Amino acid sequence: MKEKMHIGELYFPGHEEIIKEQVVYQDKLCEYNMTKPSESEKRTALLKEMLGDCGEGVYIEAPFYANFGGHHCHFGKMVYANYHLTCVDDTHIYVGDYTMIGPNVTIATAGHPILPELREKGYQFNMPVHIGRNCWIGAGAIIMPGVSIGDNTVIGAGSVVTKDLPANVVAVGTPCKVMREISEHDREYYYKNRRIGPVNSL
């Protein structure tokens, strides 16, 4: 059953061996969520224990939720996640360097078969999620199983990402679709008619 978790096949997530391992990871996550904001060193140490990979400067605001306590999450360096990140990490989630994740975002790898008889028996399948380098995932976005998002891409708040998205685009909506490419305009304006100004002044 454990092997089937990571190859996209149907399996039973309530298998005794899986649950026994999962509870250990969830206990560590519970410990993380009980830390105080002032305990930054403790949080950093716990993240390195919890996550499958934890790059330098990773910071996840508590509370953080994950099916396997983040054990199947692989975060590059300087990844920031705001409050209430939910990672349904029944299989692997990859997040590239410098990516920012807004509050109340869900990244899901788990799915259930459409056939009612299979769902009644509790079967599940998992597909990995890949989020590129230097992305910005807006508040309340939902990333569905098997999705890949290219580098530098911005996902609008509240979007539901059901299909792969290329690099260097702004994508919004339900289902999430490419609205436009990141362009020279974005080198001059950071928000509507507000100019960026000299970089040295920032």
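The protein contains four helices and 21 strands. Helices (H or I, at least four residues) and strands (E, at least two) are DSSP runs, numbered from the N terminus. The radius of gyration is 18 Å, close to the 17 Å that the globule rule gives for 202 residues, so the protein is as compact as a globular protein of that length. This radius is taken over C-alpha atoms, and the globule rule is 2.2 Å times the number of residues to the power 0.38. Along the principal axes, the C-alpha atoms fill a box of roughly 60 × 40 × 20 Å.

The model is predicted: local features need pLDDT of at least 70, side-chain atom pairs count only at pLDDT 80 or more, and totals for chains, interfaces and linings use all residues. Residues are numbered from 1 along each chain as its sequence is written, and side-chain values use heavy atoms, with hydrogens and water left out.

Of the 202 residues, 37% are buried. Buried means under 20% relative accessible area, exposed over 50%, and partly exposed in between (1.4 Å probe, protein chains only). The accessible surface comes to about 11400 Å². Carbon and sulfur atoms account for 55% of that surface. Areas come from the Shrake-Rupley method with a 1.4 Å probe; for residues, only the protein chains shown count as cover. Among contacts (heavy atoms within 4.5 Å) between residues at least 6 apart in sequence, 26% join residues at least 24 apart.

The protein carries 19 positive and 24 negative charges, and their mean positions are 6 Å apart. Lys and Arg count as positive, Asp and Glu as negative; His and the chain ends are not counted. Each charge is placed at NZ of Lys, CZ of Arg, CG of Asp or CD of Glu.

A salt bridge is a side-chain nitrogen of Lys or Arg within 4 Å of a carboxyl oxygen of Asp or Glu. Seven salt bridges are counted by this rule. One of them joins Glu 21 and Lys 2, with the closest N and O atoms 2.7 Å apart. Glu 21 lies in helix α1 (residues 16–33) and Lys 2 in the segment before α1, so the pair ties together parts that are 19 residues apart in sequence. Glu 21 is partly exposed at 24% relative accessibility, as is Lys 2 at 33%.

Lys 28 and Glu 31 also form a salt bridge (3.8 Å, N to O). Both residues lie in helix α1, three residues apart, about one turn of the helix. A further bridge links Asp 186 and Arg 180 (2.9 Å, N to O). Salt bridges that share partners join Lys 2, Glu 17 and Glu 21 into one network.
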